[in-house]
Amino acid sequence: MSTIKIYHNPACGTSRNTLALIRHTGVEPQVIEYLKTPPSREDLQGLLAALAIPVRELLRRKGTPYDELGLDAPHWTDEQLLDFVVAHPILMNRPVVVTPLGAKLCRPSEVVLDILPASQQGPFTKEDGEVVIDAEGRRVHRAS
């Protein structure tokens with residue numbers, strides 16, 4: 001089993017590009033389609049600890065029930081927000097990648113390069129045509 005995990009949504013371009021960047025190192029990660037196999041509350045707590053971010057930073061607004069549920073209200077506790085993510089996995093922002101070098105919410109996708117144990121195996125261009133790794137193997141776009 002791979003030591004790299006990606007919490008992936010195949011309908012998301014950023015997630016697809018991140019998965020492609022991982023595979024471009026010659027590694028096949030463990031792909032967790034979190035909408036089909038949602039993480040448990042304990043898994044989410046472990047991810048948040050590894051990411052070292054508050055629950056609110058893991059929440060996705062676009063294309064989710066975030067506004068309908070009023071999740072921008074400050075009265076929601078971290079525990080309550082976790083309950084919402086468990087009940088509505090689409091609220092989890094993606095992709096989240098865990099490797100032996102750390103964990104990151106990979107938006108933009110090239111953030112994953114910071115935690116991949118192996119180098120890219122040549123040039124890489126994202127779905128939208130943006131070059132991430134040039135022909136000489138240099139990183140073209142540095143995530144901010």
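## Basis of the description

A residue is called buried under 20% relative accessible area, exposed over 50% and partly exposed in between, using a 1.4 Å probe and protein chains only. By this scale A52 is exposed, with a relative accessible area of 65%.

The structure is a predicted model, in which local features need pLDDT of at least 70 and side-chain atom pairs count only at pLDDT 80 or more, while totals for chains, interfaces and linings use all residues. Residues are numbered from 1 along each chain as its sequence is written, and side-chain values use heavy atoms, with hydrogens and water left out.

## Helices and their packing

Helices (H or I, at least four residues) and strands (E, at least two) are DSSP runs, numbered from the N terminus. Helix α1 covers residues 13–23, and its buried residues are T14, S15, N17, T18, L19, L21 and I22. These buried residues pack against β1 (5–8), β2 (30–33), β3, β5 (124–125) and β6 (131–133).

Helices α2 and α5 pack at an angle of about 120°, with their axes 10 Å apart. Axes here are lines fitted to C-alpha atoms, for helices over the stretch in contact, and angles run from 0 to 180 degrees between N-to-C directions. The angle makes α2 oblique to α5; angles under 35 degrees count as roughly parallel, over 145 as roughly antiparallel, 65 to 115 as roughly perpendicular and the rest as oblique. On the α2 side the contact (heavy atoms within 4.5 Å) is made by R41, L44, Q45 and L48, and on the α5 side by E79, L82, D83, V85 and V86.

## Nonpolar cores

A nonpolar core is a set of buried Ala, Val, Leu, Ile, Met, Phe, Trp, Tyr and Cys residues joined through side-chain atoms within 4.5 Å. The largest one has 20 residues, and Y7, L58, L91, M92 and V96 have the most contacts inside it. Helices α2 (41–51), α3 (55–58) and α5 (78–87) each supply at least two residues of this core. Leaving aside residues up to four places away in sequence, V96 touches K5, I6, Y7, L47, L51, L58, K104 and L105. A second, separate core of 14 residues includes L19, V97, V112 and L113.

## Cysteines

A disulfide is a pair of cysteine sulfur atoms within 2.5 Å, and by this rule the count is zero. The sulfur of C12 lies 11 Å from the closest cysteine sulfur, that of C106, which is too far for a bond. Both residues are buried: C12 has a relative accessible area of 6%, and C106 is at 0% relative accessibility.

## Loops and backbone geometry

The loop between α5 and β3 (96–99) holds N93, and P95 is also placed between α5 and β3. N93 counts as buried at 11% relative accessibility. Beyond residues up to four places away in sequence, N93 touches L58, L59, R60, L105 and R107. The peptide bond from R94 to P95 is cis, with omega near -5°.

A cis peptide bond also joins R107 and P108, with omega about 0°; P108 lies in the loop between β4 (102–105) and β5. A52, in the loop between α2 and α3, has a phi near 60°, a positive value in a residue other than glycine. Most residues other than glycine have a negative phi, and most peptide bonds are trans.

G70, in the loop between α4 (66–69) and α5, counts as partly exposed at 21% relative accessibility. The C-alpha atoms of G70 and P123 are separated by 43 Å, the two residues being 53 residues apart along the chain.
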